[in-house]
Amino acid sequence: MRIAALYDIHGNLPALEAVVAEVLSARVDFIVVGGDVLPGPMVNEPLELLMTLPVPVAYLRGNGDREVLAQRRGQASSLPEAVLESIRWCAAELSEEHESMMREWPESVRLALPGLGEVLFCHATPRNDTEIFTRETPEESLLPVFGDSGASLVVCGHTHMQFDRTVGGVRVVNAGSVGMPFGAAGAYWLLLADGIELRRTSYDLEGAAERIRATGYPQRNAFAHDNVLHPPTEEAMLARLGAAALR
């Protein structure tokens, strides 16, 4: 069975379109969308694309999706105002059909795969959707997080950087980000087949930036520049996330 894991799309429809084309050409049997389809500059369009794919798709909820849904209900948030502005915009743009669909998304998905065993797909960690860890986080800090996962492989996202490491006896792989990567520009995803393949798909960055700037997204210009054309380096983000990572 061939499975594609697509994480952290963040409303970047051009990146998702490019990844979907490559995913379908890879003849996958199943797709797991690992959370944080939102927030981002295109709200309903990525969901429409995912809903029309010719292969089955399973979804799980990320912290970004959760915050957008909370805003739809008028719930209070502790996020900074600069972040909330974009989340409120996405919540207002989200259709009722897509809101209803997203409210059914679970926090995790489990699949038993030949050759890989029990695979747990979660957004950040098996414990919650916000915990931060990277390829540099010490293993001893992660043993309590993954030791009781009941899986031989855990696929995660949230920090937007791919890695493949082992915690205790559990293989932990970050699929990277389709729409908001940290590192070289492109769209990152994961293919599970006979083994595990960390993939990066190239796409028309200038064209994508132009499409993003044409939206009403409050952070559209910053998103186009900082997340499409000139993403931050892994080194910069590892340094920035280090203070917030599990210890």
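Start with the second largest pocket, whose volume is about 180 Å³; a pocket here is an open set of points, on a 1 Å grid over the protein atoms alone, where a 1.4 Å probe fits and protein lies on both sides within 12 Å along at least five of seven lines, and its volume is the space filled by probe spheres set on the points. This is a predicted model, in which local features need pLDDT of at least 70 and side-chain atom pairs count only at pLDDT 80 or more, while totals for chains, interfaces and linings use all residues. Residues are numbered from 1 along each chain as its sequence is written, and side-chain values use heavy atoms, with hydrogens and water left out.

The lining comprises four nonpolar, two polar and five charged residues, where Asp, Glu, Lys and Arg count as charged, Ala, Val, Leu, Ile, Met, Phe, Trp, Tyr, Cys and Pro as nonpolar, and the others, Gly among them, as polar.

Now select helix 6 (139–146), in which Ser-141, Leu-142, Val-145 and Phe-146 are buried, that is, under 20% relative accessible area with a 1.4 Å probe and protein chains only, exposed being over 50%. Seen down the helix axis, these buried residues fall within an arc of 115° and so line one face, the arc being that of the directions from the axis to the C-beta atoms. On the other side, Glu-140 and Pro-144 are exposed.

Finish inside the largest nonpolar core, which has 46 residues, with Leu-6 and Ile-31 making the most contacts inside it; such a core is a set of buried Ala, Val, Leu, Ile, Met, Phe, Trp, Tyr and Cys residues joined through side-chain atoms within 4.5 Å. Helix 1 (13–25) gives the most to this core, with seven residues.

Definitions and conventions
On a 1 Å grid over the protein atoms alone, a cavity is a set of points where a 1.4 Å probe fits but cannot get out, and a pocket is an open set with protein on both sides within 12 Å along at least five of seven lines; lining residues have an atom within 4 Å of a point. Helices (H or I, at least four residues) and strands (E, at least two) are DSSP runs, numbered from the N terminus.
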